[in-house]
Amino acid sequence: MAFLKLEGISKKYNDRFALDNITLSVEKGEILSIAGPPGSGKTTLLKIIAGLVKPTSGRVYVEGTDITETPPYLRGFSMVFETPPVYPDRTGYENIAFPLRLRKLPEDEVRKRVYEVAELLAIKHILSRKPSTYSGGEYQRVALARALVTSPKLLLLDEPFRNLDAKIREHMVVWFKQLQAKLGITIVYATHDPLEAFTIGNRAAILLNGRVKQYGLPANILRNPLSHDVDEFISIPALNTFKVRFRSMDDEVLIQLNSITIRKRAKLNTENGEGEAIATVRPMDISVSRSPGEGTVAGRVELIQYLGANILATVRVGDLSIRVVVPKDAVIREGEDIYLSLDPARIRLYETSSGRRLDVVV
Amino acid sequence: MEFRIVTKALKYIVIGVFALWTLIPLAWIVSLAFKSYAEWRVSYFVPKNPTTDNFVLLFKPEELLGRYGVMGATAIIEPATKPLINSLIVTAATTFLAVFIGFFTAYGASRYRAPGPFTLFFTLLTRMLPPAIFITPIMVYYSNLGLLDTYFGLVFLYSAVTVTYAIWILKGFIDAVPVEWEEAAMLEGATPIKVVFKVVLPLVRPGLVVAGLFIFLLTWSELLFALVLTNISAVTLPVHISKYVGAVGQLFGPQAALALIGSIIPVAIGYAIQKHLVTGFTFGMVRG
Amino acid sequence: MSREMARSVKLLATLPLNILLNAILIIPFAIMIYLAFLKWSPAMGIDWWEAAFVGVANFVRALGDARFVNALTNTVIYTVSTVSIEFLLGLLLAYLMLGEFTGKKAVLSLIIYPLMLPPVIVASVFYLMFQPYGPVNNVFLRAVLGDDALRITWFLNPRLAFTALIIADIWQWTPFIFLILYSALSAVPRRLVEAAQVLGASSFTIFWRIRLPLIKPLIIVAVVLRALEAFKMFDYAYLMTGGGPGVSTETISLYIYRVSVLYTDISYAAAMSLVVLVMLALVIRLFIWYFFERVR
């Protein structure tokens with residue numbers, strides 16, 4: 001039995017559906033990531049799970065029990081918000097002890113638990129200080145400690161590392177995953193960053209416009225997005241999107257992009273054997289070389305952008321602008337001629353109107 | 001560059017003059033308060049034989065006859081003890097009531113928009129109109145209700161009139177507490193009522209102090225309503241002070257002594273407020 | 001707000017309390033409106049709800065009452081005089097206090113202490129100050145008039161009495177304007193000031209052209225607040241001059257007080273109160289229109 005189950009959760013504000021028929025489940029000890037752009041409904045969903053918001057329809061179950069009507073202070077969950085409660089007028093110790101004090105636990109029990117948690121999160125040394133002296137990472141760890149000190153059944157996190165410096169954030173994400181493995185707490189983790197979601201989550205749900213568009217193992221979602229908007233959302237750097245014509249032939253699909261023809265081994269999930277569609281290719285799935293070869297396409301480098309470990313080059317092929325990721329040590333300059341090639345398995349087709357994935361891998 | 005020095009000197013002179021102007025009345029009062037009857041009408045500052053008689057006279061007016069042999073053409077004003085105690089009680093009660101109600105109202109206004117902006121504006125209005133306008137109906141109203149010359153009457157009136165300040169001050173402080181912290185507290189095990197008392201209230205403590213001190217100061221100083229609504233039992237200090245001004249026989253000495261005594265608490269509170277108002281006066285103003 | 005469940009609990013905590021308290025103000029207000037249309041005084045021996053209805057007679061009487069008009073005039077003159085002088089002095093002082101110097105904190109504390117005193121006490125103090133043998137006359141003695149100064153009786157001369165009130169007010173309330181202006185001026189972003197300094201502007205120019213325009217809204221707030229308070233003035237007039245000599249220093253609050261408490265002409269006092277209220281409401285409305293709603 002799933003630990004947490006959401007069945008048909010919807011939330012309507014005036015005429016708008018913030019959440020539309022969400023059904024998800026989370027196993028005990030698992031991390032479920034919920035990834036979605038701002039405004040997609042992540043926070044609302046978390047708040048419904050927490051009991052802070054009542055769903056317009058649908059039920060929430062924990063270990064089989066319907067808790068939809070249970071008030072938040074009786075659910076036994078914890079949540080770390082974007083601006084977590086770390087009261088500035090008291091010490092770290094007092095902050096972490098707060099939930100325990102609310103439960104009127106005896107002082108020695110409080111002390112034991114606070115120190116336990118502080119030890120775990122390596123913040124013992126700042127317990128006697130006030131939050132104004134904390135660094136960003138320490139602040140979030142105190143917030144986390146406060147959420148963990150009550151040994152919650154379920155931990156909800158709403159972009160907890162968003163306000164941190166990029167480098168620190170990476171570090172925190174990894175550390176957090178290790179922590180969870182140690183503690184075995186069930187977690188629902190919301191973030192706008194798909195890569196963070198895939199790193200952290202055992203399973204991921206992609207939430208777009210209030211709907212769960214895809215749900216499953218991160219590797220599967222990455223490899224096989226089932227709709228165009230999901231593909232767009234999870235691909236970083238941004239996807240190449242083209243309007244193409246396609247024709248299906250046996251177990252191949254012929255894809256026509258201007259003068260370029262690509263044959264992909266796949267079956268089509270559509271009635272029409274041919275027509276127009278949207279095709280996507282990720283920049284890192286295209287290879288470059290200086291000399292032409294079989295199946296390469298000629299182009300000219302238009303723009304070079306530096307992205308951390310790689311270079312993003314925009315290459316002009318005919319009237320198309322194609323983005324390609326090039327290894328950093330490649331010496332490439334704007335204005336140069338270059339040749340692009342693609343493994344056809346890496347191109348995906350979507351129905352123009354609905355964004356539905358058309359090609360099914362054989 | 002000489003110009004610079006001249007202007008700087010001028011600046012200090014002006015500031016000095018202003019400081020002096022502020023101090024002279026205080027100096028005169030101190031001087032009068034320690035002058036004996038014979039010196040009440042002299043024009044020099046330093047008493048030849050300083051005495052604490054005036055302070056005694058405030059609490060034991062019968063001594064006037066004993067010490068100075070005056071009677072008849074002199075007002076005998078009751079001891080200052082009762083007015084002092086009354087003021088303390090009424091002011092303290094008003095402060096608690098106004099801050100208490102102000103806190104809850106401000107909380108509602110901050111989190112739920114209730115009371116709405118109209119009601120809030122109405123409370124502002126109560127401060128804009130001259131209190132004199134209200135004395136007529138309040139007199140009648142209280143007379144009918146038997147609230148004249150009672151602690152209750154005064155405290156309710158004063159609270160009604162000062163609660164606005166509590167609301168405006170506290171609302172600012174409450175607004176500064178992120179709503180997410182209240183939501184977090186609900187998950188941490190607090191019912192909505194507990195959230196108000198255990199989360200919001202402690203976090204706005206500085207606001208409570210400022211509002212309390214401010215309301216205390218205002219209420220302590222109030223004269224008009226006290227004049228109208230009190231007679232014997234609930235007479236407050238300002239009323240008592242007013243009896244000395246222009247009293248038959250012109251009891252200058254005790255008048256000055258009372259001014260000194262009556263200033264202690266307000267000035268202490270004033271400086272306490274100054275200490276607490278780190279962000280300064282403009283905190284409340286900027287919102288308006 | 002997403003906490004729908006707590007709404008009933010919370011509203012219970014806010015509205016009733018506030019409304020109950022307003023019963024202390026709203027009901028009397030309604031009573032006042034009713035009273036204004038009656039002819040009633042406690043001296044008549046009947047309860048006010050039994051008194052006769054006289055329509056607008058009281059209002060007519062108020063508008064034709066020379067003493068009422070006099071009180072209003074006095075109050076307006078008083079308000080305008082005190083506020084303008086306090087504004088100028090306060091501004092000057094705020095300007096002078098802008099730099100750093102030793103003992104500034106002490107001077108600051110000193111400057112604002114008059115604000116903390118109850119107006120009753122300030123009235124009492126200045127009553128003593130303006131006595132024939134008080135320091136005011138002594139200062140004059142030294143400076144201007146020689147020994148004749150000791151014979152000046154402030155409270156027996158209408159103009160002097162009025163001036164005495166104004167002086168007391170200025171002494172107590174200039175620090176108020178000063179405080180607001182000083183805080184506002186200090187809060188002007190340092191970058192702007194420094195930029196101007198780099199360009200060689202004198203401290204006066206910086207003050208006049210940069211700081212002052214930026215705090216204009218606060219100036220308005222300070223002046224309006226002070227004006228509203230000045231209009232209400234009761235304590236000084238009641239204690240220092242009693243409205244006299246004659247009625248030369250009688251302010252509107254004092255007159256209404258007299259009519260209610262001394263003459264117990266309750267319904268007339270109510271009518272006057274309403275007249276004043278309507279006038280003030282109009283002025284405030286005009287003010288809001290002028291400053292906030294005109295297309296500028």
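The side chain of Gln250(B) reaches over to chain C, where it makes a polar contact with the side chain of Tyr127(C) at 2.8 Å. That is a handy place to start a walk through this model, which is a predicted one.

Gln250(B) sits in the loop between α12 and α13 (252-276) of chain B. What does Gln250(B) contact, once its neighbours within four places in sequence are left aside? The answer is Trp40(B) and Arg41(B) from chain B, together with Tyr127(C) and Gln131(C) from chain C. In sequence, Gln250(B) and Arg41(B) are 209 residues apart, yet their C-alpha atoms are 9.8 Å apart in space.

Zooming out, 91 residues of chain C are in contact with 89 residues of chain B. Interfaces are often sized by the accessible area that is lost when the parts come together. Here chain C and chain B bury about 8000 Å² between them, and 79% of that area is on carbon and sulfur atoms. Helix α1 (residues 7-36) of chain C supplies the largest share of the side of chain C that touches chain B, with 21 residues. By class, that side of chain C has 70 nonpolar, 15 polar and six charged residues.

How many salt bridges does the rule find across the interface of chain C and chain B? The count is zero. Polar contacts do turn up there: the rule finds eight residue pairs, with both residues at pLDDT 80 or more.

Within chain B, helix α4 (residues 81-112) packs against helix α12 (residues 237-244) at an angle of about 145°, and their axes are 8 Å apart. On the α4(B) side the contact is made by Pro83(B), Leu84(B) and Ser87(B), and on the α12(B) side by Leu237(B), Pro238(B) and His240(B). Sorted by class, this contact has four nonpolar, two polar and no charged residues.

Now for chain A. Strands of a sheet pair through backbone hydrogen bonds, in either a parallel or an antiparallel way.

| Strand order (chain A) | Strands | Pairing | Average twist, strand to next |
|---|---|---|---|
| β6-β7-β8-β3-β9-β10 | six, open sheet | mixed | 15° |
| β20-β14-β11-β12-β13-β21 | six, open sheet | antiparallel | 50° |

Take the mixed sheet, with the order β6-β7-β8-β3-β9-β10. Its edges are β6 (77-80) and β10 (211-216) of chain A, and each has a single partner strand, so one side of each is left without a neighbour in the sheet. Strand β3 (residues 31-35) of chain A runs parallel to strand β9 (residues 203-208) of chain A, joined by four bridges. One pairing to look for is Ser33(A), whose bridge partner in β9(A) is Ala204(A).

Ala205(A) has Tyr215(A) as its bridge partner in β10(A). The two strands form a hairpin with two residues between them, and Asn209(A) in the turn has a positive phi of about 50°. Helix α5 (residues 166-183) of chain A lies across β3, β7 (154-158) and β8 (186-191), running at about 160° to β8(A).

Strand β14 (residues 274-281) of chain A is joined to β20(A) by three bridges, and the two run antiparallel. There, Ile278(A) has Tyr350(A) as its bridge partner.

## A salt bridge and backbone details

The whole structure holds 40 salt bridges over all chains. In chain A, the side chains of Glu336(A) and Arg290(A) meet in a salt bridge at 2.6 Å, N to O. This pair links distant parts of the chain, 46 residues apart: Glu336(A) is in the loop between β18 (320-327) and β19 (337-342), and Arg290(A) is in the loop between β15 (286-289) and β16 (297-307).

Two backbone features are worth a look when you check geometry. A cis peptide bond joins Ile236(A) and Pro237(A), with omega about 0°. Pro237(A) lies in the loop between α8 (228-234) and β11 (240-249) of chain A. Ala122(A), although not a glycine, has a positive phi of about 55°. Ala122(A) is placed in the loop between α3 (107-120) and α4 (136-148) of chain A.

Methods. Residues numbered from 1 in each chain as written. Chains lettered and ligands numbered in written order. Heavy atoms only, no water. Contact = heavy atoms within 4.5 Å. Buried area = accessible area lost by both parts, 1.4 Å probe. Salt bridge = Lys/Arg side-chain N within 4 Å of Asp/Glu carboxyl O. Polar contact = N/O pair within 3.5 Å; in protein donor to acceptor, adjacent residues only side chain to side chain. Nonpolar A, V, L, I, M, F, W, Y, C, P; charged D, E, K, R; others polar. Axes fitted to C-alpha atoms, helices over the stretch in contact; angles between N-to-C directions. Pairing = 2+ DSSP bridges.
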